[in-house]
Amino acid sequence: MASKSLAVSLILLFLVVACSAGRIAIYWGQNGNEGTLSETCATGNYAFVNLAFLPVFGNGQTPVLNLAGHCDPSINGCTGLSVDIKACQSNGVKVILSIGGGAGSYYLTSKEDARQVAIYLWNNFLGGSSSTRPLGDAVLDGVDFDIEGGTNLHWDDLARYLKGYSKRGKNVYLTAAPQCPFPDAWIGDALKTGLFDYVWVQFYNNPPCQYTQGALVNLEDAWKQWTSSIPATKIFLGLPAAPQAAGSGFIPASTLSSTVLPAIKGSSKYGGVMLWSKYYDDLTGYSSSIKSQV
């Protein structure tokens, strides 16, 4: 009997550990020297890959995909990525289109504008159909809101329209990458809808709420505010994968594992770590260094 109860205890312990285990999200697409999408997924380090970016859309503009040195969508040069996307998904990796970014021309002028953008995204990247799908026939898992400019209007409308497509079968995941000052200046209202599955908060380039050497309190306070205030399934700690990947906010892997993660993993909303970006992760091996601790 003693051995049986020990076995049960070990199983319960495993389940607790498994439930609290985090995952890693990565951004791919803005540097042609970061390897292919299929190679990215084959590392086994990432549970989510955000394709960066669709930086032009809204206000009647023709949407434009920009995957930097990887391929040129203007000549249908990115349709071959459908093979990579399907390979990623077969390995359990969710592939998500990130809209917005730090530099682009995007904003929504009305609820109808948001509806039109949602229709475009559904038909060209998700489960709809179009003769001009930039990434071929692969069906992406969702849309990431990396909104860092324009206006703060109608992102909640876009989220509602996109999530509405989940009723047609495959779930449309919604993710977001707000800045760590709370609430986010651009998509703070949209995040209140409760429609977002995963929110990877950018704890970098924001000194008031990011980690600084020996001072955890600012990050910890901001983390508590995000996890207690945003009705998302999971919240992720967004970090640069190398010192040169951001102006500030880089946390050495050893410090992350020994000091930062133990302070935030207790939250039931803890989902893991988001890294910018695959190119910088290749330079440092950051994800491999932290994977067992996340």
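What volume does the second largest pocket have? The second largest pocket has a volume of about 180 Å³, where a pocket is an open set of points on a 1 Å grid over the protein atoms alone at which a 1.4 Å probe fits, with protein on both sides within 12 Å along at least five of seven lines, and a volume is the space filled by probe spheres set on the points, joined across faces, edges and corners. The model is predicted, with local features requiring pLDDT of at least 70 and side-chain atom pairs pLDDT 80 or more, whereas totals for chains, interfaces and linings use all residues. Residues are numbered from 1 along each chain as its sequence is written, and side-chain values use heavy atoms, with hydrogens and water left out.

- The lining of the second largest pocket, which includes Thr 62, Tyr 120 and Pro 134, divides into six nonpolar, four polar and no charged residues.

**Barrel and helices**
- Eight strands form a closed barrel in the order S1-S2-S4-S6-S7-S8-S9-S10 with parallel pairing, where strands are DSSP runs of E with at least two residues, helices are runs of H or I with at least four, both numbered from the N terminus, and two strands pair if DSSP finds at least two bridges between them.
- Strand S4 (residues 94-101) pairs with strand S6 (residues 142-147) in the parallel sense over six bridges, and Val 143 in S6 is the bridge partner of Leu 97.
- Helix H5 (residues 155-164) touches S4, S6 and strand S7 (173-176), and its direction makes about 170 degrees with that of S6; contact means heavy atoms within 4.5 Å, and angles run from 0 to 180 degrees between N-to-C directions of lines fitted to C-alpha atoms, for helices over the stretch in contact.

**Backbone geometry**
- Most residues other than glycine have a negative phi, and most peptide bonds are trans.
- The peptide bond from Ala 52 to Phe 53 is cis, with omega near 0 degrees, and Phe 53 lies in strand S2 (residues 48-54).
- Trp 276 and Ser 277 are also joined by a cis peptide bond, with omega about -5 degrees.

Methods. On a 1 Å grid over the protein atoms alone, a cavity is a set of points where a 1.4 Å probe fits but cannot get out, and a pocket is an open set with protein on both sides within 12 Å along at least five of seven lines; lining residues have an atom within 4 Å of a point. Ala, Val, Leu, Ile, Met, Phe, Trp, Tyr, Cys and Pro count as nonpolar, Asp, Glu, Lys and Arg as charged, and the others, Gly among them, as polar.
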